[in-house]
Amino acid sequence: MAVPPSLALSDGVRVPQLLFGVGGLTASETGRAVRIALDTGYRGIDTSPGTEEALGAVLAASDVPREEVFVSVKMPVQGYDATRRAADQVLAGLQAERVDLVLVDGTNGAFTDTWRALSRMRGDGRARAIGVAGFSAAELRRLIDSTGTVPALNLVELHPWLQQLPLREFHDAHGILTGASSPAANGALLSNETVTALAAKYGKTPAQIVLRWHLQNGTVAVAASATTTRTRENFGVFDFELADDDLAVLSELDNGTRVGPS
Ligand SMILES: NC(=O)c1ccc[n+]([C@@H]2O[C@H](COP(=O)([O-])OP(=O)(O)OC[C@H]3O[C@@H](n4cnc5c(N)ncnc54)[C@H](OP(=O)(O)O)[C@@H]3O)[C@@H](O)[C@H]2O)c1
């Protein structure tokens with residue numbers, strides 16, 4: 001079984017470059033989808049609020065050792081005390097003493113207070129690394145200036161149509177890893193003719209071409225599918241490489257198309 005490459009997140013913590021995302025799935029769908037993902041070889045799961053209990057149950061019952069599975073969770077912006085209480089619930093749901101990565105999800109409201117609760121979680125050993133989701137460079141700057149700490153990762157919508165180059169420059173300058181949510185523009189990119197032509201050239205599927213582009217671009221891609229065959233297909237990206245000129249062709253697709261909320 002292929003082992004996905006990983007990137008250094010912070011202080012010895014490594015994150016697999018291909019995470020399985022369960023956003024949008026119900027609790028029962030999450031259980032089934034995660035079982036299939038673990039059997040396929042995924043060793044990183046990106047949860048969304050409400051899916052932690054289902055994931056915790058699958059991990060508890062799985063033959064895969066718990067320490068081999070990287071788990072990332074999201075906290076909606078809700079302030080210091082509420083985040084501390086929510087963290088207790090998330091860890092209880094996961095049946096875990098600590099989680100690998102906790103993200104402040106979104107920037108509406110007092111996100112610096114939420115961030116302080118996450119910093120405390122890390123200080124207490126309940127989170128190995130902490131990061132954010134959906135932050136612009138200006139919001140990252142505000143967070144860093146007001147708290148003196150730098151998020152380990154920023155999870156944003158990113159794909160060949162929306163490459164977020166200025167934001168990525170900011171990330172690189174501050175040692176922040178880039179997480180790519182909606183790596184295939186919620187599936188819309190998979191019928192793009194540049195992508196389908198490359199799929200034919202490499203004997204791969206459009207989804208594999210796009211995910212391979214992410215791997216070679218140094219992002220952490222959150223691939224999501226509720227379908228068993230596609231979950232397996234999306235993991236088949238470690239046995240080929242896109243040539244530099246084909247990476248460049250995909251990079252030319254950048255046109256600012258956004259499929260999620262800005
Ligand atoms: N704020 C945040 O943190 C945030 C925001 C947005 C998303 N996310 C995370 O990112 C994850 C991915 O987002 P996304 O769902 O937009 O990802 P995506 O990979 O861009 O698109 C997924 C869509 O493509 C389809 N698909 C997946 N693999 C396919 C394949 N091999 N062939 C054809 N179609 C395929 C899926 O349908 P089927 O399910 O039918 O296969 C689904 O409709 C979510 O699970 C969520 O956890 C996080």
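Let me start with a term: a residue is buried when its relative accessible area is under 20%, exposed when it is over 50%, and partly exposed in between, using a 1.4 Å probe and protein chains only. Helices are DSSP runs of H or I with at least four residues, strands are runs of E with at least two, and both are numbered from the N terminus.

Hello everyone! What we have here is a predicted model, where local features need pLDDT of at least 70, side-chain atom pairs count only at pLDDT 80 or more, and totals for chains, interfaces and linings use all residues. Residues are numbered from 1 along each chain as its sequence is written, and side-chain values use heavy atoms, with hydrogens and water left out.

Let's begin with helix α7, residues 193-202. Which of its residues are buried? They are Val-195, Leu-198 and Ala-199. These residues span an arc of only 105° around the axis, so they sit on the same side of α7; that arc is taken from the directions from the helix axis to the C-beta atoms. On the other side, Glu-193, Ala-200 and Lys-201 are exposed. The cover over the buried residues includes α8 and α10 (244-251), with contact meaning heavy atoms within 4.5 Å.

Now to the interior. A nonpolar core is a set of buried Ala, Val, Leu, Ile, Met, Phe, Trp, Tyr and Cys residues joined through side-chain atoms within 4.5 Å. The largest one has 65 residues, and Leu-18, Val-71, Leu-94, Val-99, Val-102, Ile-209 and Leu-250 touch the most other members. Beyond its neighbours within four places in sequence, Leu-18 is in contact with residues including Tyr-42, Leu-211, Phe-235 and Phe-238. There is also a second, separate core of 16 residues, with Val-13, Val-15, Ala-133 and Val-220 among them.

On to pockets. On a 1 Å grid over the protein atoms alone, a pocket is an open set of points where a 1.4 Å probe fits, with protein on both sides within 12 Å along at least five of seven lines; lining residues have an atom within 4 Å of a point.

How many residues line the largest pocket? There are 49, and Glu-157, Ser-181, Ser-182, Pro-183 and Val-259 lie nearest its centre. Elements giving two or more residues to this lining include α5 (137-147), β8 (153-157) and α8 (206-217).

The second largest pocket is lined by 18 residues, with Glu-67, Glu-68, Val-69, Phe-70 and Asp-100 nearest its centre. Strand β2 gives the most to that lining, with three residues.
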